[in-house]
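Hello,

Here is the structure I promised to hand over. My notes follow below it.

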Amino acid sequence: MPATSASLIRIEPVDHGVGSTLAFGATATGVDLEDLDEASFRIIEDALYRFKVLVIKNQKHLTPVKQFKFVQRLDPDAPKEHSAGPRKETQERYRPNQRTLLEEYRTPDMPDCPEVRMIGNGKVETPHYGLEGEVFLKQASHQHQHKNPMQQEELDKGLSRWLRWHMDASCFRRDPPCAAPPKVTTLHCIKNPVGPPITVKWDDGTGTEMVVPAGATGFTDSATTFKMMSPADQELARNSKVEYWPHPYVQNGMCKIGNAGLGLLSEGLEIPLEDLPPYDEKEIKIYPLAWHNPVTGEEVLSVHSVCARRLHLKHSPTSEVRILDDLKEVRDLLFKWQRPAVEPNSRSFLGRPRGLLSIAPANRSLLVSDIWAASYEEGDMVAFCNRLV
């Protein structure tokens, strides 16, 4: 592609359909991420914060090295490595029998750029950017992590569930030295799944389900999550912080997830602190619960409920801190705040087939809601703000 010219960049908000309340997501065209001058970069950066998820089209030629350089440009303070850490170090640190919530993934490092990992399912056509020989990917599935997974007969009918609602952050050691999770994650679509749409079911007694394209990623807008909280809970979140576990994905590696994919069930399956790999107290992360979008000023609720250990609660700037360390109560409070936003937009079925398709049961009222099932084309580079979605 020719070098990017700022005058040729086009940012288009995603059309979510007539009547949709979704207000995030955009596409960018006229961009070459391999050759991005400062003016063009600033346009992309501004769009990313304004729309929170940005699908940058026509990047088939982009190499893993240039993909990571783009991430570094967006987040220069982040460690120069994958958020899960170098694979060799991870394998040496964890005991062979220590299961983690991330172990179901078979995600090879890219040899020329180990900060980038390949995700997907099935055989990879090699050679591929340094990958040689037979390479098979394994997609994580709710069948391994939900307490009551769907049966194979249901999957064969085109049914599924959300695996796990989360933010992309280690919440321990590897986050930037400042008190913040990493800013950005990118996904480069090399090959898109082919097949009919999938019906995602909540299976939580609400009758909620949603039809999504194969290969789609579900996003929720954390600003909408904050807006759906009561005024008292908003004020509580503004003044409070969350403390995360050391080695959180080992600590909760045996825990199961509920049918809706939000949060962990409290069944006493957590690994005791004394049985975790070594760590320094300085590596434990304590982050605010409420954040501001640096471009729009919107308030957002940004918390990774899967990794939360304690809440440092304050009802006002001048009130005393109350430490909530009963793990079930911590999870229940975060679930209360986040669950209302994890709903399909029941009017968005009128939109484009490539956008969000959803079905609302006849006995349910229409909700202002927050899920976008983003689908991709081969060559798309998808960037999203970890602190905002």
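**Salt bridges**

The structure holds 24 salt bridges. The term stands for a side-chain nitrogen of Lys or Arg within 4 Å of a carboxyl oxygen of Asp or Glu. Two points on the source before the details. This is a predicted model, in which local features need pLDDT of at least 70 and side-chain atom pairs count only at pLDDT 80 or more, while totals for chains, interfaces and linings use all residues. Residues are numbered from 1 along each chain as its sequence is written, and side-chain values use heavy atoms, with hydrogens and water left out.

One of the salt bridges pairs Lys66 with Glu34, at 3.6 Å from N to O. Lys66 lies in helix α2 and Glu34 in the loop between β2 (26–29) and α1, so the bridge ties together parts 32 residues apart in sequence. Helices (H or I, at least four residues) and strands (E, at least two) are DSSP runs, numbered from the N terminus. Lys66 is partly exposed, at 27% relative accessible area. Glu34 is partly exposed too, at 25%. The cut-offs: buried is under 20% relative accessible area, exposed is over 50%, and partly exposed is in between (1.4 Å probe, protein chains only).

Asp380 and Lys57 also form a salt bridge, at 3.1 Å from N to O. Asp380 sits in the loop between β20 (371–374) and β21 (381–385), and Lys57 in the loop between β3 and α2, so this pair links parts 323 residues apart in sequence. Both residues, Asp380 and Lys57, are buried.

Within helix α7 (residues 231–239), Arg238 and Glu235 are three residues apart, about one helical turn. Their closest N and O atoms are 3.0 Å apart, in a salt bridge. Arg238 has a relative accessible area of 37% and is partly exposed. Glu235 is partly exposed at 30%.

**Cores**

The largest nonpolar core has 54 residues. Such a core is a set of buried Ala, Val, Leu, Ile, Met, Phe, Trp, Tyr and Cys residues joined through side-chain atoms within 4.5 Å. Ile56, Phe70, Leu289, Leu311 and Trp337 have the most contacts inside it. Helix α1 (residues 38–51) gives the most to this core, with six residues. Another core, of 12 residues, lies apart from it; Leu22, Val53, Phe219 and Phe384 are among its members.

Leu289 touches residues including Ala237, Val242, Val300, Leu311, Leu334 and Trp337, not counting those up to four places away in sequence. Contact here means heavy atoms within 4.5 Å.

**Backbone and a polar pair**

Most residues other than glycine have a negative phi, and most peptide bonds are trans. The bond from Thr126 to Pro127 is cis, with omega near 0°. Pro127 is in the loop between β6 (122–124) and β7 (135–137).

Asn58 has a positive phi, near 60°. Asn58 is exposed, at 52% relative accessibility. Cys171 has a positive phi as well, of about 60°. Cys171 is in the loop between β8 (159–160) and β9 (184–188), and is buried at 1%.

Gln145 belongs to helix α4 (residues 142–145) and is buried, at 1% relative accessibility. The side chains of Gln145 and Arg164 make a polar contact of 2.7 Å. A polar contact is a pair of N or O atoms within 3.5 Å; within protein, one must be able to donate a hydrogen and the other to accept it, and residues adjacent in sequence count only if both atoms are side-chain atoms.

Best wishes
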